[in-house]
Amino acid sequence: MRYNTFMSNNPRFLDLFNRLDESCRERYHIEDRTSSAISFLSAKLAHSSSKKDNDLGESLDAIRQLRNTLVHAEKVDGEELAEVNPKLLDDLERAVRYVENPPKALDNAIPYSHLFVVGLDESFSSVLTIMMRRGFSHVPVTDNGGLLGVFSEEVLTSYLIAKGTLSLSSALKVRDFLAFLPLEKHLNERYVFMDRNALLEDAREAFSSSKAKTGKRLAMIFISEHGRPDEAILGALVPSALI
């Protein structure tokens, strides 16, 4: 008599698939049972700016097809014709975590303590030197703990257009650019605030859709307790950090 002591991954695979399906329907309010919640999630991940999300979306598409095969395939002598690769179980578990416990924007943000932040009395030449050396394109400007605006290349352009000249003398301070620093003064870029519970996927969407929706590039996302600009900044996100 032959005894099969092999423990199949297939039941675990199908359980995870069904759990993911139900979690997707609940979170994304997919009530139509004739549509595939897994396909919806796969397409959503495929359009993310994150390569990891893209890879997971591609894997989910293969997982959906494999699940359909397992469900409808006949068994031979009571045994499955195909065995699920353990990697697909890992991918399914990742997808379940993504849906049931989605990553927060704040968890992926640059903490305020690590941000390069300047005050109004900082030397313009020293700020510009640090920006060029460290590759910073946008620098928050604060006063008494509150955000006054952002110093950026666009601020320099606006200053040059208004003044006609720009001196790198040590006498020039960040405060000399004060008229151009407020967020609403930036003509071609914008900045938004999100609350501490905002999701990472919403931040990605905000960056990727900003130009099409508003005509302006989203340069930074600031995170505060309730998403208000008059609150202390907890962290900030830039597009390059989310690729």
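The legends below walk through several close-up views of this predicted model.

Residues are numbered from 1 along each chain as its sequence is written. Because the model is predicted, local features need pLDDT of at least 70 and side-chain atom pairs count only at pLDDT 80 or more, while totals for chains, interfaces and linings use all residues, and side-chain values use heavy atoms, with hydrogens and water left out.

**View 1. Helix H1 from end to end.** Helices (H or I, at least four residues) and strands (E, at least two) are DSSP runs, numbered from the N terminus. Helix H1 covers residues 10-27. How far apart should the ends of its 18 residues be, at 1.5 Å a residue? The expected span, 1.5 Å times one less than the number of residues, is 26 Å, and the end C-alpha atoms are 26 Å apart, which agrees.

**View 2. The buried side of H1.** A residue is called buried under 20% relative accessible area, exposed over 50% and partly exposed in between (1.4 Å probe, protein chains only). In H1, the buried residues are Asn-10, Phe-13, Leu-16, Phe-17, Leu-20, Asp-21, Ser-23, Cys-24 and Arg-25. What covers them? Helix H2 (37-46), helix H3 (51-72) and helix H4 (86-100) are included in the cover.

View 3. H1 is followed by His-29, which sits in the loop between H1 and H2. Is His-29 buried or exposed? At 65% relative accessibility, His-29 counts as exposed.

**View 4. H1 crossing H2.** The axes of these two helices come within 8 Å and cross at roughly 75 degrees. Axes are lines fitted to C-alpha atoms, for helices over the stretch in contact, and angles run from 0 to 180 degrees between N-to-C directions. H1 and H2 are therefore roughly perpendicular to each other; on this scale, angles under 35 degrees count as roughly parallel, over 145 as roughly antiparallel, 65 to 115 as roughly perpendicular and the rest as oblique. Phe-17, Leu-20, Asp-21, Cys-24 and Arg-25 of H1 make the contact with Ala-37, Ile-38 and Leu-41 of H2, where contact means heavy atoms within 4.5 Å. Sorted by class, this contact has six nonpolar, no polar and two charged residues. Here Ala, Val, Leu, Ile, Met, Phe, Trp, Tyr, Cys and Pro count as nonpolar, Asp, Glu, Lys and Arg as charged, and the others, Gly among them, as polar.

**View 5. H2 against H4.** H2 also packs with H4, at an angle of about 85 degrees and with the axes 12 Å apart. That makes H2 roughly perpendicular to H4. On the H2 side you can find Leu-41, Lys-44 and Leu-45, which meet Ala-95, Tyr-98 and Val-99 in H4. The residues of this contact divide into five nonpolar, no polar and one charged.

View 6. A salt bridge is a side-chain nitrogen of Lys or Arg within 4 Å of a carboxyl oxygen of Asp or Glu, and the structure holds 18 of them. One joins the side chains of Asp-21 and Arg-33 (4.0 Å, N to O). Asp-21 lies in helix H1 and Arg-33 in the loop between H1 and H2, so the pair ties together parts that are twelve residues apart in sequence. Asp-21 is buried, with a relative accessible area of 14%, whereas Arg-33 counts as exposed at 53%.

**View 7. A salt bridge between distant parts of the chain.** Lys-44 pairs with Glu-201 in a salt bridge, and their closest N and O atoms are 3.1 Å apart. Lys-44 belongs to helix H2 and Glu-201 to helix H7 (residues 200-214), so to speak two far-off places on the chain, 157 residues apart. Lys-44 is partly exposed at 31% relative accessibility, while Glu-201 is buried at 15%.

**View 8. Lys-173 in its loop.** Where is Lys-173 found? Its place is the loop between helix H6 (153-163) and strand S4 (189-195). Leaving aside neighbours within four places in sequence, Lys-173 is in contact with Leu-120, Asp-121, Glu-122, Ser-123 and Phe-124. With 30% relative accessibility, Lys-173 counts as partly exposed.
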